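I opened my notebook to get to know a new structure. Here is what I looked up, in the order I went.

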Amino acid sequence: MQVATDKVAGKLSSTLSWVKNSVSHTVSQMASQVATPTSLQTPATSSSTSLSSPALSPSSPAQLSPDDVELLAKLEEQNRLLETDSKSLRSMNGSRRNSGSSLVSSSSASSNLSHLEEDTWILWGRIVNEWEEVRKKKEKQLKDLVRKGIPHHFRAIVWQLLCNAQNMPIKDQYSELLKMTSPCEKLIRRDIARTYPEHEFFKEKDSLGQEVLFNVMKAYSLVDREVGYCQGSAFIVGLLLMQMPEEEAFCVFVKLMQDYRLRELFKPSMAELGLCMYQFESMIQEQLPELHVHFQAQSFHTSMYASSWFLTIFLTSFPLPVATRIFDIFMCEGLEIVFRVGLAILQMNQAELIQLDMEGMLQHFQRVIPHQFDSGPDKVIQAAYQVKYNAKKMKKLEKDYTTIKTKEMEEQVEIKRLRTENRLLKQRIDTLEKESASLADRLIQGQVTRAQEAEENYLVKRELATVKQQCEEATAQLEQAKKTIRQLQQQQQPQAKGPPRFSEESVLQLEKELVQARLKEAESQCALKEMQDKILDMEKRNSSLPDDTNVARLQEELIGVKLREAEALTGLKELRQQVRDLEEHWQRHLARTASRWKDSPKKNTLSELQDELMSVRLREAEVQAELRETRQRLLEMETQNQIHSNQLRRAEQESRCLQDRVQTLTTQNKDLHVQLQAIKRRQAEIECKSKEDVMAVRLREADNIAAMAELQQQISELEIQ
């Protein structure tokens, strides 16, 4: 067996060397005839290396001859034989068990392959050299060729032509970008080791592949700072680096991001990815309703298995040869191939997925589906183009998704506005509560002040009554003194004619009355002084009370009081002047009668009585003056009392106004509380609804788990059978 294997390997190596020599000779001839293309077109998607419709011939790019059609049909057949033969050769090298018939088929397939590869290279070489004319006139045939697959050695130039990435101005900036520092360098370094970890070009740490991958990702993060770096994009860049140098890979990646919707997919918001998930889920609902119902029952969201398909164009889901064929079509036709292939995969696995639970479906997508196409991508690509894809309906779904997102944004804005209003209402309620508390404090303080003033007013009235009583008593005593004086005067008249009739007892009685009158006078003066102090205190307190609407009337009353006070003061001055005149007269009288004191004791006693009578008169005049002054003070106190009454009345009016305002604020506060309760009630209803939805989802999950358990039991029974 080892000898047979060595013979087959030798034949294959000789055949391949002959193919390489013939191809190099053909390419050199082509290079001498045709110049390299310089213009590029817009992007589309890619596929495999077979042909299903008439393609472009080597002789004329506009029309294929029957010989070319026959040649391309042979090429397709030999491609199939080559894939079958390569599988058999791998199995032979792995197990070292094969038969002689397989060796013969391998050698014959290799011989046919060499001729087909040569024809394919010639065809694609002419397409590349005549790209502008082919792209304009034979776009449908070009798409068919791309779907059959782009030869490996032509992928670099064809991808650049498909996405129009040749001669980009940004290519000259690449070296300058590498000298700059990117904020995403740490993230890029972290993810590089995870990109194609089993590929020879990238698996070694700090290898050339990892270095050029880092350079391209860093350069793009500097060019597009909004996107920066996103996980998944490194797989696309890695595939480009497997086909072309890093400068050209950078230009192609920039074009893919700008013109193939990849930039919107990789933005931080990933809004385009949400749109793709919505469109893909709508296609599943329309074309695979049973599978869609099963996914909904299991809460198996589309993003759980399909997001990587759109972000990496199946590069992380399928083997590299299959993903590369799909990427060929993607370069030519765009994201449409991702929708088609994704739906084709679900159609091919619908029966198995319906029988699995969520974990089983995840494992099926991760372990089973990637190995279903190890034999080649033709099966999945053929199934993909049998999927119904309506571009107009996709546009309509895009509009519906935009409308839904707009409504969600409006609802979020409305919720945010309601929360802001709720917060402002709470702040306003707090402010009103503080104002209400302050007004209540002021009201209570005003009531306390009024009570204190009423009590003081009562005390003043009592003191006034006491002073009036004392004044009446003093008046009665004065009247008594006047009567006594009149009696003395009446007694003096007969004494002037006859001898004096005064006795020592009457003189002592008069002296006692005089002492009592002086004591009462002193007490009255003390009481008047205390009343004056209290009046001053009341005036100070009254000055601090607020004046409202009765200021003019109070001013008129004050003017009247001042006038009465001025008249009283004028009368008081006149009385004092009279008292001074009497004192002067009394002094002169004493001077005239000084010589009389040397006479007999009786005469001296009479003179003393007369002097005492004069003094009593003088005291009477002074008491009358003081009485008048006391009456004036009494008038002032009554005026002050009236003023206090007016002030109390104004305070009561202000208190009523404050109460009305407090009632108004309380009403407003109640209205705000009602609004707040309504808002809370709406929020509670929303929360209850969300909780009910969550409970319904959980109930569905429980039902799904039970159904999955039953399915697992059935699967176990089937496996046992």
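Before starting on pockets, I wrote down what the word means here: a pocket is an open set of grid points with protein on both sides within 12 Å along at least five of seven lines, and its lining residues have an atom within 4 Å of a point. I also noted that the model is predicted.

**Entry: the second largest pocket.** I looked up its volume and found about 760 Å³ of space. Its lining is made up of 35 residues, and those nearest the centre are Gln477, Leu478, Ala481, Ala517 and Val623. I then checked which elements give two or more residues to this lining, and they are helices H21 (391-497), H22 (504-544) and H24 (601-720). H21 has the largest share, with 13 residues. Sorting the lining by class, I got 18 nonpolar, 9 charged and 8 polar residues.

**Entry: Asn167.** I turned to backbone angles next. Asn167 is not a glycine, yet its phi is positive, near 60°. I found Asn167 in the loop that runs between helix H6 (155-162) and helix H7 (174-179). Is Asn167 buried or exposed? Its relative accessible area is 62%, so I put it down as exposed, the cut-off being over 50%.

**Entry: Phe314.** Here was another residue other than glycine with a positive phi, this one about 70°. Phe314 sits in the loop between helix H15 (303-312) and helix H16 (320-333). I asked again: is Phe314 buried or exposed? With a relative accessible area of 0%, Phe314 is buried, as that word covers anything under 20%.

Technical notes. Residues numbered from 1 in each chain as written. Predicted model: local features only at pLDDT ≥ 70, side-chain atom pairs only at ≥ 80, totals over all residues. Heavy atoms only, no water. Helix = DSSP H or I, 4+ residues; strand = E, 2+ residues; numbered from the N terminus. Buried < 20%, exposed > 50% of the residue type's maximum accessible area, 1.4 Å probe, protein only. 1 Å grid on protein atoms, 1.4 Å probe; cavity = no way out; pocket = protein on both sides within 12 Å on 5 of 7 lines; lining within 4 Å. Points joined across faces, edges and corners; volume = space filled by probe spheres on them. Nonpolar A, V, L, I, M, F, W, Y, C, P; charged D, E, K, R; others polar.
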